[in-house]
Amino acid sequence: MENMIEICNLTKYYGKHRGVEQVSFSVKKGEVFGFLGPNGAGKSTTIRAMLGLIRYDSGQIFIDGLDTRKEKEKILQGIGYMPSEAWFYPGMTIREVLKLSADVRKRDCREEAEKLCEKLQVDEKRKISELSLGNRKKVSIICAMQHKPRLFVFDEPTSGLDPLMQNVFFELIREYVKEGATCMLSTHVLSEVRSHCDRVAIMREGKLVVTDTVEHLLASKTKHIRMVRDGEKLDFIYKDDLNQLYKELQGHNIEDILIEEPSVEEVFMHYYEKGDN
C-alpha cells in the first residue's frame, strides 16, 4: 500500500530547546492513524512541520509523494486541517466563515457544507460570537471537511463535543476514508484510538517511541501486576517475559499476586512515562 505521509529523520529545535529529534514514520493511504503523546512530546511541532507552518532544521517530509519544502501550496490544497483551538472572526456568521474557507481554496463547497451542517446540527445563520466551544469545534470540523480533502489532519478534534456529536464525527471520518481519504488523528482520548485507529505512533520528549498497529500493541506481553511482596503493596505494568518476573521474585515472600490484562489507557500511558525500554 502506498504512503500518504512519509517523515524521515525530522529534527526541529527552537533555539537551544528541543522540538523533535530524528522522527521517522509513515502513514498509509486509506488508514486512520493515531498520533499520541503527552503535552510537550512534539506532536504539534511535527504537524506544523508537515503543513509548512514552521521551518524544520533537517529531515524530509513527503505528502502524497510531494516534498513539503518544494510544493507546499499544492500539498495544502489536498489537506483538511483542524487545529486544537477553534478561533474565527466573532462578528461573522457560520455561513460566512464556511464561504471564506471555501473561497480561500477557490472551491464551491456549498453542497458538502450543507450536508455536514445537517449532520452536526449546525445553524449557519448564527454568529460565531454566540457559539459555545463545542459549536465552534463543529464549525472547525466542517471547514476541514467541506472540500473533501485526500488527507485529514485533526488535532484534538472531539474535545468540547458531546458524546453524540463525537459519534457523528467518527461516522463522517469512516465515510470519507471509505471514499479513499486518509486521516491522521492527534488525541489524548485513548478509547478513540482503540475504537477508530488502524495504527498509532507514540511520541515522548521529542522522539518517536513506537509505531505499531493498535491490535498488536494491545496484544503484547504487557501485564498489570498487583502484589503484596515482603509486606509491601505493589501495583505496576510489566512488559517483559513473565518467566523473568518469576526469577526476580525468587527469595521474596509473596503474600498475594494478581496478574491481569491492562486497560488500553494503561498500555499507552506506560509508553508515555517510560518510553520503549
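Helix axes here are lines fitted to C-alpha atoms over the stretch in contact, and angles run from 0 to 180 degrees between N-to-C directions. With that settled, here are my notes.

**Entry 1: the whole chain**

I am working with a predicted model, so I kept that in mind throughout. I began with the overall inventory and found 10 helices and 13 strands in the protein chain. I then looked up the extent of the C-alpha trace, which spans about 75 × 40 × 35 Å along its principal axes.

Next came burial: of the 277 residues in the chain, 45% are buried. The chain exposes about 14,500 Å², and I noted that carbon and sulfur atoms supply 47% of that area. I also checked the contacts between residues at least 6 apart in sequence, and 68% of them join residues at least 24 apart.

**Entry 2: α3 and α5**

I turned to helix α3, residues 94-104, and helix α5, residues 133-145. Their axes lie 9 Å apart and the packing angle is about 30°. I call the pair roughly parallel, because angles under 35 degrees count as such. The handedness of this crossing is right-handed.

Which residues make the contact? From α3 I listed Ile94, Val97, Leu98 and Ser101, and from α5 Val139, Ile142 and Cys143. Sorting them by class, I got 6 nonpolar residues, 1 polar residue and no charged ones.

**Entry 3: α4 and α6**

On the α4 side, I found Glu112, Lys115, Leu116, Lys119 and Leu120 in the contact. The α6 side brings Met165, Val168, Leu172, Glu175 and Tyr176. How many residues of each class does this contact have? I noted 6 nonpolar and 4 charged residues, with no polar ones. For the α3 and α5 contact, my note above had no charged residues.

**Entry 4: Thr46**

Is Thr46 buried or exposed? Its relative accessibility is 0%, so Thr46 counts as buried, the cut-off being under 20%.

I then asked what surrounds Thr46, leaving aside neighbours within four places in sequence. Thr46 is in contact with Ile7, Leu10, Val20, Phe25, Phe35 and Met203.

Key: Residues are numbered from 1 along each chain as its sequence is written. This is a predicted model: local features need pLDDT of at least 70, side-chain atom pairs count only at pLDDT 80 or more; totals for chains, interfaces and linings use all residues. Side-chain values use heavy atoms; hydrogens and water are left out. Helices (H or I, at least four residues) and strands (E, at least two) are DSSP runs, numbered from the N terminus. Angles under 35 degrees count as roughly parallel, over 145 as roughly antiparallel, 65 to 115 as roughly perpendicular and the rest as oblique. A crossing is left-handed if the near helix is turned anticlockwise from the far one by less than a right angle, and right-handed if clockwise. Contact means heavy atoms within 4.5 Å. Ala, Val, Leu, Ile, Met, Phe, Trp, Tyr, Cys and Pro count as nonpolar, Asp, Glu, Lys and Arg as charged, and the others, Gly among them, as polar. Buried means under 20% relative accessible area, exposed over 50%, partly exposed in between (1.4 Å probe, protein chains only). Accessible areas come from the Shrake-Rupley method with a 1.4 Å probe; for residues, only the protein chains shown count as cover.
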